[in-house]
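Hello,

Here is the structure we talked about handing over. Please open it first, then read my notes below.

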Amino acid sequence: VVVVDQRELVERARGGDHDAFAVLAGAFVARLDAAARLILRDHELARDAVQEGFFAAWRNLPTLRDPDCFEAWLHRLVFRSCINVIRRRSRRPIEVELLPVDGPVIGDISSIVADREVLDAALKGLRPEWRAVVVLHYYLGMPLPDVASALGVPIGTVKSRHHRSLQQMRSAIDAGLTPPRPPVAGEQYA
Amino acid sequence: MTAFDRIEPRLPELMADLAPATVPDYFDEMLRQTARTKQRPAWASPGRWLPMDIAASAAASRLPALRPLVVMLLIVGLLIAVGVAIFAGSQQTPLPEPFGPARNGTIVIATTSGDIAAVDPVTGSMTTLIGGPTRDIAPWFSRDGQRLMFVRLVTDEVGAYWIADADGSNARELVPAPVDWFEWSSTGDRIVLTRLTGAPATSIVRVEDGTVTPLDVGIEIRNPVWRPNRDQIVFSSGRAEGHVAYYVVDADGTDLREIDGVSPDAINDPVLSPDGSSIAYTTWADGDGMQGRIHIVDIDSGRDRLMAIEGSDGTNEFAYQFSPDGTKLLLERHGIDPSYEVNGVPGYRLVVVPADGGGPAVPIGPAMPPGTDGATAEFSPDGTQVLATYRYDRSTWLLDVTGGMGEPTEWNADAQTWQRLAP
């Protein structure tokens, strides 16, 4: 078994080794795609943003000076693409995605599904820029300063968005927000 | 406990349920597309981004055993600097015009040990201007040659902005860390700076009192430079897939406009002509012969022309700088194929070409191995030489613009700037 560390892969990819880039991309694409879907609420838009981010990563890799910064740099490219998509999509209807639970679930399934639906609706109610903060912080586990760097906004703005997002989600959920009905395949919500 | 109190601790797992992390179905196609896409060269944006990659080497080379020597050199340097200052003060020499040819003054460098030093380009003698235990990098002379800006690192990657007189005296912090890009105004009374650490932000700073005025034009500002002979700033801003557009805005943040005529495949910093009328830039697109082409666009009319450069078949080129009189352009020429030879020599070279596109392309200096990250290079104030430091081996060379190999200097610099003096 040949163990290749990430730094070596980045250095190889930076030198034009596309196979190395493919390994790196494979390691990150699933979570970045999921995070983009959570932020953008639309498979197609998420695909656009992730592809744009990975394209930029491959194209600009030779200019990345510190291989150890690759992950943060890739996050920044993908999530700034998300923000660009948000800015471009203003008139496009947004698809609300509600996927079935995959794999075994421990505990009260009905409660988990209900909580998931409630959260889904609460997230949907957030402005996309605020939702990006919540997703990066809670889903990807990024500290708020890293979220600020990834999204290209001041840390004060991120803290404000984080605080206001939680307030709004609390208000919506505690007010007994009705979970949305299960979507029909292909149906879009405004 | 409210419903939200119950949900909040489980936000990560509930979000993971909402959007399972699986490899998306477009992944293979995406890789096929990236495999067909050419990477940008590492040298696509050398610009004046602070050379943070040398910070670590500076730190590593600062061995405790060298401290007494450094202190001695500092003392000697200060004595010499004082002498130079007294001499300069007694001369009352006129100042050069902010643009156009000037007389060659002192070369100031950032040493590999983290000091700022003056070098006599004729004798090669070196005088420490800013020494001590701090790590100081990226010196940059004002257009009148009277002041120096430099960056004092507070960590390996974050620096504060300092300013000093040309002889190293009166050093003071102007802007606290972090700063990632800076450029003097034509008149030397202001600087434009960009911060990328945290949230990107651009500001204008008055040198006299450090007053900071945000420059917020509603779009991303990259690589801002002052437009010669006008109180305007030219900058690039990102487009899709790593391309850029160029903009011009008044220094007070008004009258923003995109420069017309620029190719959608532009990738690098704007390189301004000394008269401020045009910029040179590099394009990078897919397709044979579409990488590393040089354009020059007129800022006001939007007239854009692709330079036809002698010997550019099978090469990528990147624009560095106009000569002080605006008649020449300094380029870096790379072979597309690693086996490519530049004028019979493998690798890449600096090339001087006529800015109007006619006439021969003159290779200067040594050839460096392919794919070794280019160089930082600038014309001497009088336009007769080029001072270049190659990233491959960090060697610094003084090159004659009329051609030839030139000579390596006796010093190595991580960054350098050449003082302009009145003719």
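**Chain B: surface and make-up**

Chain B has an accessible surface of about 17500 Å², and carbon and sulfur atoms hold 55% of that. Please keep in mind that this is a predicted model. Chain B contains five helices and 30 strands. It runs to 423 residues, and 53% of them count as buried. Now its contacts between residues at least 6 apart in sequence. Of these, 47% join residues at least 24 apart.

**Chain A**

Chain A is built from helices: eight of them, with zero strands. Along the sequence the pattern reads α-α-α-α-α-α-α-α. Chain A has 190 residues, and buried ones make up 50%. Its accessible surface is about 8700 Å², with 53% belonging to carbon and sulfur atoms. Take the contacts in chain A with a separation of 6 or more. Residues 24 or more positions apart account for 68% of them.

One salt bridge inside chain A deserves a look. The side chains of A:Arg41 and A:Asp120 meet there, at 2.3 Å from N to O. A:Arg41 sits in the loop between α2 and α3 of chain A, and A:Asp120 sits in helix α5, so the pair ties together parts that are 79 residues apart in sequence. Are these two residues buried or exposed? A:Arg41 has 4% relative accessibility, so it counts as buried, the cut-off being under 20%. A:Asp120 is at 1%, so it counts as buried too.

**Where the chains meet**

How many residues take part in the contact between the chains? On the chain A side there are 56, and they touch 48 residues of chain B. The size of an interface is often given as the accessible area lost when the parts come together. Here chain A and chain B bury about 4500 Å² between them, with 65% of it on carbon and sulfur atoms. Within chain A, the residues that lose the most area to chain B are A:Phe55, A:Arg59 and A:Arg65. Together they make up 18% of what that side buries.

Polar links cross the interface as well. There are 13 residue pairs in polar contact between chain A and chain B, counting pairs with both residues at pLDDT 80 or more. Which helices of chain A supply the side that touches chain B? Those giving at least two residues each are α1 (6-14), α2 (18-40), α3 (43-60), α5 (109-125), α6 (128-139), α7 (144-151) and α8 (155-174). Helix α2 of chain A gives the most, with 12 residues. By class, this side of chain A has 31 nonpolar, 10 polar and 15 charged residues.

**Salt bridges**

Over all chains the count comes to 21 salt bridges. Three of them cross the interface of chain A and chain B.

Please look at A:Asp115. It forms a salt bridge with B:Arg6, with the closest N and O atoms 2.8 Å apart. The side chain of A:Asp115 also meets that of B:Arg10 in a salt bridge, at 2.6 Å from N to O. This second pair crosses between chains: A:Asp115 is in helix α5 of chain A, and B:Arg10 is in the loop between α1 (3-7) and α2 (11-18) of chain B. Both A:Asp115 and B:Arg10 are buried.

For a salt bridge within chain B, see B:Arg222 and B:Glu220. Their side chains meet at 3.0 Å, N to O. B:Arg222 counts as partly exposed, at 28% relative accessibility. B:Glu220 is also partly exposed, with a relative accessible area of 35%. Elsewhere, salt bridges that share partners join A:Asp115, B:Arg6, B:Arg10 and B:Glu13 into one network.

**A histidine in chain B**

The last stop is B:His295. It is found in strand β18 (residues 291-298) of chain B. B:His295 is buried, with a relative accessible area of 10%. Which residue does its side chain join in a polar contact of 2.7 Å? The partner is the side chain of B:Asp304. Leaving aside residues up to four places away in sequence, B:His295 touches B:Ser263, B:Ile279, B:Ala280, B:Tyr281, B:Thr283, B:Asp304, B:Arg305 and B:Leu306.

Best wishes

Definitions and conventions
Residues are numbered from 1 along each chain as its sequence is written. Chains are lettered from A and ligands numbered from 1 in the order in which they are written. This is a predicted model: local features need pLDDT of at least 70, side-chain atom pairs count only at pLDDT 80 or more; totals for chains, interfaces and linings use all residues. Side-chain values use heavy atoms; hydrogens and water are left out. Helices (H or I, at least four residues) and strands (E, at least two) are DSSP runs, numbered from the N terminus. Buried means under 20% relative accessible area, exposed over 50%, partly exposed in between (1.4 Å probe, protein chains only). Contact means heavy atoms within 4.5 Å. Accessible areas come from the Shrake-Rupley method with a 1.4 Å probe; for residues, only the protein chains shown count as cover. Buried area is the accessible area (1.4 Å probe) that two parts lose on being put together, summed over both. A salt bridge is a side-chain nitrogen of Lys or Arg within 4 Å of a carboxyl oxygen of Asp or Glu. A polar contact is a pair of N or O atoms within 3.5 Å; within protein, one must be able to donate a hydrogen and the other to accept it, and residues adjacent in sequence count only if both atoms are side-chain atoms. Ala, Val, Leu, Ile, Met, Phe, Trp, Tyr, Cys and Pro count as nonpolar, Asp, Glu, Lys and Arg as charged, and the others, Gly among them, as polar.
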